[in-house]
Amino acid sequence: MSDPGNYAGNTDRSIGQLVAAATAEMSALVHDEIALAKAEVRQDAKRGAIGSIVFVAAGVFALFSIPVLSFAAAYGIHNLGLGLAWSFLIVGGAFIALGLLLAILGIRKFKKIKPPEKSIASAKQTAAVLQNAKPHPRPSVEAAAIIERSGSSLVKGVEGGTGRDNATVVARSST
């Protein structure tokens, strides 16, 4: 037969003990899930960092290749029978033309930028709702009571009725 102490109606443990055990197990499960998520994020961050380093290295090599390719293009044009100075001017002019083309494309993209209309409308709607809201009534508290509760030394200097705090008195007496 089956073990009589192993069924759901077993009353060896109290309800409080069962709840405490369930809470502890749930807490352990949540901690394990958080640890798993941290490990996954750490691994993805590591992959992202390595990928960005490789991407930057590729950019550096591409940047270093520009002067070499420029000289190669100029000497290639020179080998076609054109003077060396004209060859370099042609390559330089090509770079200027490419720069101007990219600048024009960039300006066009900037002109297409519009303000975030949905966000502005939502902010205006929220402001309108908040203007109609009534603030929670709070009792008025004087500034002296607030300073007194905070234990500030300003109260001790002001209590004398002179209207000056101790720092002012000390500063004037030391001169």
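Visitor: Which range of relative accessible area counts as partly exposed, and what is the value for Phe-71 in this predicted model?
Guide: Buried means under 20% relative accessible area and exposed means over 50%, with partly exposed in between. The model is a predicted one. Phe-71 falls in the partly exposed class, because its relative accessible area is 44%.

Visitor: How many helices and strands does the chain have, and in what pattern?
Guide: The chain has 0 strands. Its helices number 6. Read along the sequence, the pattern is α-α-α-α-α-α.

Visitor: What percentage of the chain is buried?
Guide: The chain exposes about 15,400 Å², and carbon and sulfur atoms supply 67% of that area. The chain has 175 residues, and the buried share of them is 3%.

Visitor: How many aromatic pairs are there, and what is the geometry of Phe-71 with Phe-88?
Guide: The structure holds 2 aromatic pairs. In the pair of Phe-71 and Phe-88, the ring centres are 5.4 Å apart and the planes stand at 75 degrees. Planes over 60 degrees apart count as edge-to-face, so the Phe-71 and Phe-88 pair is edge-to-face.

Visitor: Which helices does the pair of Phe-71 and Phe-88 link?
Guide: The two residues are 17 apart, and the pair links distant parts of the chain. Phe-88 is partly exposed, with a relative accessible area of 30%. Phe-71 lies in helix α1 and Phe-88 in helix α2.

Visitor: What is the geometry of Tyr-75 with Phe-88?
Guide: The ring centres of Tyr-75 and Phe-88 are 5.7 Å apart, with the planes at 85 degrees. This pair also links distant parts of the chain, from Tyr-75 in helix α1 to Phe-88 in helix α2, 13 residues apart. Given the angle of 85 degrees, the Tyr-75 and Phe-88 pair is edge-to-face.

Visitor: Which residues form the aromatic cluster?
Guide: Tyr-75 is partly exposed, as its relative accessible area is 41%. Phe-88 is partly exposed at 30%. The one cluster is formed by Phe-71, Tyr-75 and Phe-88.

Visitor: Which helix gives the largest share of the nonpolar surface patch?
Guide: The patch has about 1,100 Å² of accessible area together, and its residues include Val-56, Phe-61, Phe-64, Phe-95 and Leu-105. The elements that give two or more residues to the patch are α1 (15–79) and α2 (84–111). The largest share, 6 residues, comes from α1.

Visitor: Is Val-56 buried or exposed?
Guide: Val-56 is placed in helix α1 and is part of the nonpolar patch. Exposed means over 50% relative accessible area. Val-56 has 53% relative accessibility, so Val-56 counts as exposed.

Visitor: How many salt bridges are counted, and which side chains meet?
Guide: The count is 1 salt bridge. Arg-47 counts as exposed at 53% relative accessibility, while Asp-44 is partly exposed at 48%. The N to O distance is 3.7 Å, and the side chains are those of Arg-47 and Asp-44.

Visitor: What span should helix α3 have, and how far apart are its end C-alpha atoms?
Guide: Helix α3 covers residues 117–132, and the number buried among its 16 residues is 0, so α3 lies largely in the open. At 1.5 Å a residue, α3 should span 22 Å. The end C-alpha atoms agree with this, at a distance of 23 Å.

Technical notes:
Residues numbered from 1 in each chain as written. Predicted model: local features only at pLDDT ≥ 70, side-chain atom pairs only at ≥ 80, totals over all residues. Heavy atoms only, no water. Patch = residues over 30% accessible without salt bridge, like charges linked within 9 Å, V, L, I, M, F, W, Y side chains within 5 Å. Areas by Shrake-Rupley, 256 points an atom, 1.4 Å probe, with all protein chains shown as cover. Salt bridge = Lys/Arg side-chain N within 4 Å of Asp/Glu carboxyl O. Helix = DSSP H or I, 4+ residues; strand = E, 2+ residues; numbered from the N terminus. Buried < 20%, exposed > 50% of the residue type's maximum accessible area, 1.4 Å probe, protein only. Phe/Tyr/Trp six-rings, centres within 6.5 Å; stacked < 30°, edge-to-face > 60°. Expected span 1.5 Å × (residues − 1).
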